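Here is a briefing for a reader new to this structure. Please look over the sequence and the model first.

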Amino acid sequence: MSQVITLTTDFGTKDGYVAQMKGVILSINPDARIIDATHDIEPFSSKEAALVVSGFFGYYPEKTVHVVVVDPGVGSDRRCIVVTYKGHLFVGPDNGVFTPFYMDGSTFHVREVTNPSYFKPLPHPTFHGRDIFAPVAAYLSKGSRFQDIGPIVDDPTILPFPEVVSTDYGLKGKVIYVDRFGNLWVNIRSEMLTKPIEKIDMGSLSIKTLRKTYQNVPDYDPVALINSSGFLEIAINKASAFNRFGIGEGAKVKVIWRSDNVEDHEMP
Amino acid sequence: MSQVITLTTDFGTKDGYVAQMKGVILSINPDARIIDATHDIEPFSSKEAALVVSGFFGYYPEKTVHVVVVDPGVGSDRRCIVVTYKGHLFVGPDNGVFTPFYMDGSTFHVREVTNPSYFKPLPHPTFHGRDIFAPVAAYLSKGSRFQDIGPIVDDPTILPFPEVVSTDYGLKGKVIYVDRFGNLWVNIRSEMLTKPIEKIDMGSLSIKTLRKTYQNVPDYDPVALINSSGFLEIAINKASAFNRFGIGEGAKVKVIWRSDNVEDHEMP
Amino acid sequence: MSQVITLTTDFGTKDGYVAQMKGVILSINPDARIIDATHDIEPFSSKEAALVVSGFFGYYPEKTVHVVVVDPGVGSDRRCIVVTYKGHLFVGPDNGVFTPFYMDGSTFHVREVTNPSYFKPLPHPTFHGRDIFAPVAAYLSKGSRFQDIGPIVDDPTILPFPEVVSTDYGLKGKVIYVDRFGNLWVNIRSEMLTKPIEKIDMGSLSIKTLRKTYQNVPDYDPVALINSSGFLEIAINKASAFNRFGIGEGAKVKVIWRSDNVEDHEMP
């Protein structure tokens with residue numbers, strides 16, 4: 001059993017909420033290796049957390065426990081859950097933050113946290129991160145069994161991520177994320193780009209060529225590429241596309257296939 | 001002896017000051033387990049640090065060493081001290097950052113750091129965090145004795161936190177902290193709410209009912225509750241009370257007892 | 001071999017890029033002790049990273065591996081390198097981020113990362129931090145040999161840091177860094193201040209005396225001192241010089257020697 005526990009929250013660190021969670025974990029499992037994944041998720045954005053966590057978990061050793069506390073519904077009747085997926089354990093609220101794991105066809109298991117030996121007595125109704133999720137993660141990292149957490153959940157909450165629409169002429173997608181550098185992530189994944197591209201349009205911007213890397217265009221020029229997470233990305237070499245275009249999450253992006261080459265490439 | 005050392009500073013991380021402190025600790029005690037509590041304390045705000053540290057330390061294993069470097073007076077004649085309180089050790093400047101530990105009636109001990117075997121020779125006059133507090137913490141985490149640090153301090157510096165005024169009609173308190181979510185912490189603690197409440201007033205806002213959690217009111221409505229740190233809190237469900245009301249630290253809050261019930265509840 | 005790996009990036013943490021790097025490291029070396037130095041380097045600022053890393057590395061135990069990923073040229077033909085200097089190992093792009101180690105006359109060795117057993121197959125062209133630098137660091141922290149990384153680099157990239165000009169009358173330097181507190185670091189180091197000072201001029205500000213610490217002047221007064229990193233610093237006691245003067249990186253600073261004492265001090 002790996003003793004690694006990653007923490008992903010929208011708490012920032014200034015208030016000491018994260019520090020409280022770390023103390024709870026170390027008090028239960030002094031050998032836990034706590035890794036700060038991020039505490040800078042946009043407040044209340046379960047979608048952003050879903051995207052970030054599904055992007056990093058696979059790089060960790062199997063049996064790592066990933067705690068995700070982006071929890072605007074804390075204190076409501078939303079469930080506390082643990083998910084197993086691809087050999088990892090995920091602990092957090094049942095608000096859709098684990099949606100990507102339910103959607104790709106791989107096996108996953110979800111249980112509701114009900115066994116009181118896994119969490120603090122009388123958890124505070126506004127801070128399940130400290131009183132439920134942190135203790136559950138600490139016990140799992142010590143080897144406590146997933147099967148004993150509580151009953152199986154058959155209907156975990158699923159967030160409606162925007163879908164890519166495919167037509168004869170191309171794909172219609174949307175910007176789903178803006179990263180620290182102002183790079184715009186589009187929900188179109190590399191494996192969807194099955195034909196030669198005529199152009200990629202976003203607002204008044206039109207890009208003709210998909211590049212390998214930012215450096216393939218001059219400094220401060222726009223560039224489209226498949227990013228390190230496998231998504232189509234629209235960026236500016238050494239600057240922020242978000243600032244340049246004033247465009248963020250939800251913006252429409254069209255990929256247009258090259259019309260004269262459609263036949264050549266439909267039959268590989 | 002626990003080897004856990006928590007770090008709380010107002011340094012941010014960008015300048016490498018915190019990285020320097022971590023290196024000093026690991027050079028003295030390679031087995032120390034360094035936990036970033038927070039480096040985002042408001043610059044020079046000893047009060048904020050006092051509130052945050054007193055809120056999280058109790059969740060850690062006993063004998064944890066907590067380093068607190070919010071130190072606007074570095075280089076003056078303010079003392080460097082170590083405090084023991086409830087089985088934990090605290091290292092930092094004697095500027096009132098440990099005030100909460102002196103005020104609750106529990107046993108505490110304070111010593112001034114004067115023993116030169118606990119810190120670097122010729123500590124730089126602007127960075128005691130690196131040259132005094134980090135080494136002291138590292139040696140304490142290895143088992144060096146509190147008693148050998150230096151002489152007992154009988155008169156540690158106390159910060160004037162605002163006090164709650166109790167009248168026949170209710171309590172007068174103040175906002176003492178605004179957290180990352182814009183929730184307003186009031187210095188009125190749950191144990192002070194000994195009678196049924198008529199209303200809670202802050203500026204033009206009047207709230208009738210104390211709730212258990214944010215979810216007990218509709219989205220974007222104001223709510224008053226006892227927060228996870230035991231303080232009265234005025235918040236907005238899923239939004240920022242600080243942004244909504246434009247009110248922050250120092251704002252006056254009144255709790256009014258229900259007048260017709262005073263007698264019933266004065267004699268339990 | 002120390003198992004400590006420090007991370008310095010301009011990634012922030014919100015996107016999960018740093019979390020991905022940490023997972024890669026722990027998957028290769030589960031015993032690695034990952035230390036977040038900072039992820040808040042100004043995006044694309046190799047100079048800032050150079051200054052910060054050269055400031056903190058020496059406080060760590062020998063054989064610590066320091067990963068520095070500020071990499072605006074990722075995906076171009078800039079090399080990936082490992083540098084050894086004063087018993088430490090440094091991993092990052094060859095964009096000048098290690099310039100200070102090449103300039104001080106001490107021994108250093110540079111090798112290009114070409115041995116494919118040290119990194120991921122098919123590294124993504126936009127994220128060498130995850131696919132090359134993190135694995136290289138993890139293998140080095142486990143004891144893999146520097147000599148096997150790849151060929152010796154004789155011509156590492158050097159960044160043009162501003163130089164101090166010395167005249168009969170004094171020194172001409174520049175502000176090279178603004179820290180979290182708004183303190184202005186000047187590229188004039190303590191060892192350059194070999195004569196009595198008449199005054200220190202920056203724009204319309206003139207300071208007569210070099211002090212030991214901020215506390216040597218009244219609150220909110222300007223002060224000049226040698227900071228904890230050995231640089232001349234212009235600051236405001238308990239406030240931000242950057243905000244006060246509206247002056248930042250690149251601003252000119254003059255140190256004027258006391259004229260009547262020149263002769264006395266030219267011959268020690």
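Predicted model: local features only at pLDDT ≥ 70, side-chain atom pairs only at ≥ 80, totals over all residues.

Residues are numbered from 1 along each chain as its sequence is written, chains are lettered from A and ligands numbered from 1 in the order in which they are written, and side-chain values use heavy atoms, with hydrogens and water left out. For the complex, the predictor gives an ipTM of 0.94 and a pTM of 0.94.

**Confidence in chain A**

- The average pLDDT (the predictor's confidence in each residue, from 0 to 100) of chain A is 94, and 96% of the residues score at least 70.
- Residues 264-268 of chain A have a pLDDT below 50, and beyond near neighbours in sequence this stretch has two contacts in the model; contact means heavy atoms within 4.5 Å.

**Build of chain A**

- Chain A contains six helices and 15 strands; helices (H or I, at least four residues) and strands (E, at least two) are DSSP runs, numbered from the N terminus.
- The C-alpha trace of chain A spans about 65 × 40 × 30 Å along its principal axes.
- Of the 268 residues in chain A, 57% are buried, where buried means under 20% relative accessible area, exposed over 50%, and partly exposed in between (1.4 Å probe, protein chains only).
- Among contacts in chain A between residues at least 6 apart in sequence, 65% join residues at least 24 apart.

**Helix packing**

- In chain A, helix 1 (residues 17-28) and helix 4 (residues 128-141) pack at an angle of about 35 degrees, with their axes 9 Å apart; axes are lines fitted to C-alpha atoms, for helices over the stretch in contact, and angles run from 0 to 180 degrees between N-to-C directions.
- Helix 1 of chain A supplies A:Q20, A:M21, A:V24, A:I25 and A:I28 to this contact, and helix 4 of chain A supplies A:G129, A:R130, A:A134, A:P135, A:A138 and A:Y139.
- In chain C, the axes of helix 1 (residues 17-28) and helix 4 (residues 128-141) come within 9 Å and cross at roughly 35 degrees.
- On the helix 1 side in chain C the residues are C:Q20, C:M21, C:V24, C:I25 and C:I28, which meet C:G129, C:R130, C:A134, C:P135, C:A138 and C:Y139 in helix 4.

**Contacts between chains**

- Chain A contributes 33 residues and chain C 36 residues to their contact.
- About 2700 Å² is buried between chain A and chain C, 54% of it on carbon and sulfur atoms; buried area is the accessible area (1.4 Å probe) that two parts lose on being put together, summed over both.
- On the chain A side, A:Y59, A:R180 and A:F181 lose the most area to chain C, together 28% of what that side buries.
- In the contact of chain B with chain A, 33 residues of chain B meet 35 residues of chain A.
- In chain B, B:Y59, B:R180 and B:F181 lose the most area to chain A, together 27% of what that side buries.

**Single sites**

- C:D15 lies in the loop between strand 1 (4-9) and helix 1 of chain C, and it counts as buried because its relative accessibility is 2%.
- Not counting residues up to four places away in sequence, C:D15 touches A:V52, A:Y177, A:V178, A:D179 and A:R180.
- In helix 2 (residues 46-56) of chain B, eight of the 11 residues are buried, among them B:L51, B:V52 and B:F56.
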